[in-house]
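Please keep the sequence and the structure in view while reading.

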Amino acid sequence: MPFLPWDGRKLPFDESLIDKRLVCKQVTVETIDKCKLAGIILTKSVEGEVDVRYRDDVPVMIYFQGNAGNTLLRLPLFSRLLLPPTSSIPNLYIVAISYRGYWLSTGSPSEYGLQKDAIAIYEFVRKLFPKNPLYVYGHSLGGAVGLYLVSQSNIQKDLRGIIIENTFTSIKDMVTTIYPQNWLPYKYLVRLPFVLWNKWENSRVIQEVTAPILFLSSRNDEIVPQEQMLELYKLAGKSEKKIWVNFDKALHMDTYVHKGYVEAINKFISETN
């Protein structure tokens with residue numbers, strides 16, 4: 001749902017939206033099929049510098065957003081990771097690129113298309129930051145995109161870890177969750193192999209991930225049942241290090257405002273960097 005809010009596809013990049021303590025650079029990534037993906041790179045400002053200064057010892061986080069909205073709507077989350085008064089991460093670059101059909105990016109979204117976007121974004125980031133420790137963070141749908149990227153064997157060995165927040169096991173399972181009623185046809189239709197164009201079979205993909213995984217799970221998630229995150233945690237048997245962090249009072253979209261959120265990510269990066 002890239003159209004939510006209703007002006008989500010047209011909202012221009014506006015520097016006044018960026019906290020003055022941050023440095024933000026707008027970037028464009030071109031995919032193998034010529035889609036142009038709009039995004040930003042964020043980090044802390046150092047003594048009033050006006051450009052992003054790339055240091056090869058600073059961790060880089062590729063952020064993949066959830067299904068609705070655009071990159072700019074995630075600015076409060078990015079600010080919480082980077083700025084006090086919370087226990088902000090001392091040094092970090094955040095690269096947030098919108099999928100095709102989202103925000104100012106061209107094209108139309110699909111599972112296959114977003115997978116190509118993920119590869120293009122990784123290649124763009126690695127070219128820009130050839131030596132930096134690299135992490136992937138995916139929220140909800142973004143977790144599916146991130147898991148796909150990390151499951152690529154040639155890429156997985158280059159990553160220090162992946163963070164997934166409130167991600168589902170598969171689209172099939174989500175259809176059953178949203179439409180549990182026996183009198184509705186949906187949960188029966190998804191059993192047919194030709195019905196779902198987008199499947200995002202995360203419960204299968206995560207079994208191929210050997211990289212460290214941080215699971216951030218909202219107990220009161222009103223969209224993705226926590227049981228699906230628990231299932232992903234159980235299936236991540238090949239991961240060399242998996243960490244579960246539960247947020248008792250958090251909902252699907254507000255985990256980042258709850259106590260322990262930044263601390264969990266900071267600790268994960270510190271232990272895997």
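The structure holds 12 salt bridges. The model is a predicted one.

**Salt bridges**

- Aspartate 19 and arginine 21 meet through their side chains in a salt bridge, at 3.0 Å from N to O. Aspartate 19 is partly exposed, because its relative accessibility is 27%. Arginine 21 counts as partly exposed too, with a relative accessible area of 43%.
- A salt bridge of 2.9 Å, N to O, is formed by the side chains of aspartate 33 and lysine 116. Aspartate 33 belongs to the loop between strand 1 and strand 2, whereas lysine 116 belongs to helix 2 (residues 111-128), so the pair ties together parts that are 83 residues apart in sequence.
- At 29% relative accessibility, aspartate 33 is partly exposed. Salt bridges link Asp33, Arg100, Lys116 and Asp117 in a network.
- Within helix 9, glutamate 271 and lysine 267 are four residues apart, about one turn of the helix. Their side chains meet in a salt bridge of 4.0 Å, N to O.
- Glutamate 271 is partly exposed, at a relative accessible area of 40%, whereas lysine 267 is exposed, at 53% relative accessibility.

- Eight strands make up an open sheet with mixed pairing, and their order is 1-2-4-3-5-6-7-8. Strand 1 (22-30) and strand 8 (242-247) are at the edges; each has a single partner strand, so one side of each has no neighbour in the sheet. On average, neighbouring strands are turned by 20 degrees against each other, direction ignored.
- Four bridges join strand 6 and strand 7 (residues 213-218) in the parallel sense. In this pairing, isoleucine 163 is opposite leucine 214 of strand 7, and glutamate 165 has leucine 216 as its bridge partner.
- Strand 7 also pairs with strand 8 in the parallel sense, over six bridges. Serine 218 is opposite phenylalanine 247 of strand 8.

**Strand 7, inside the structure**

- How many residues of strand 7 are buried? Six of the six are, so strand 7 is largely enclosed by the rest of the structure.
- In a regular strand, side chains alternate between the two faces of the sheet. From strand 7, Ile213, Phe215 and Ser217 point one way, while Leu214, Leu216 and Ser218 point the other way.

**Helices across the sheet**

- Helix 1 (residues 75-82) lies across strands 1, 2, 3, 4 and 5, and runs at about 30 degrees to strand 2.
- Six of the eight residues of helix 1 are buried, and the helix is mostly covered. The buried residues are Leu75, Leu77, Phe78, Ser79, Leu81 and Leu82. Their cover includes strands 1, 2, 3, 4 and 5, together with helix 9.
- Helix 9 (residues 261-272) lies across strands 3, 5, 6, 7 and 8, and runs at about 170 degrees to strand 7.

**Glutamate 165**

- Glutamate 165 is found in strand 6 (residues 161-165). Although buried, glutamate 165 has no salt bridge. Arginine 74, the nearest side chain of opposite charge, is 8.7 Å away, and a salt bridge requires a distance within 4 Å.
- Which side chains make polar contacts with the side chain of glutamate 165? One is that of tyrosine 137, at 2.5 Å, and another is that of threonine 255, at 3.0 Å.

- Asparagine 70 is located in the loop between strand 3 and helix 1. Is asparagine 70 buried or exposed? It is buried, because its relative accessible area is 1%, and the cut-off for buried is under 20%.
- A polar atom of the asparagine 70 side chain lies 3.0 Å from the backbone nitrogen of leucine 72.
- Tryptophan 244 is part of strand 8 and is partly exposed, at 24% relative accessibility.
- Although 31 residues separate tryptophan 244 from isoleucine 213 in sequence, the two are 8.6 Å apart in space, C-alpha to C-alpha.
- Leaving aside neighbours within four places in sequence, the contacts of tryptophan 244 include Phe215 and Ser217, as well as Met229 and Tyr233.

Key. Residues numbered from 1 in each chain as written. Predicted model: local features only at pLDDT ≥ 70, side-chain atom pairs only at ≥ 80, totals over all residues. Heavy atoms only, no water. Helix = DSSP H or I, 4+ residues; strand = E, 2+ residues; numbered from the N terminus. Buried < 20%, exposed > 50% of the residue type's maximum accessible area, 1.4 Å probe, protein only. Lys, Arg positive; Asp, Glu negative; His and termini not counted. Polar contact = N/O pair within 3.5 Å; in protein donor to acceptor, adjacent residues only side chain to side chain. Pairing = 2+ DSSP bridges. Axes fitted to C-alpha atoms, helices over the stretch in contact; angles between N-to-C directions. Contact = heavy atoms within 4.5 Å.
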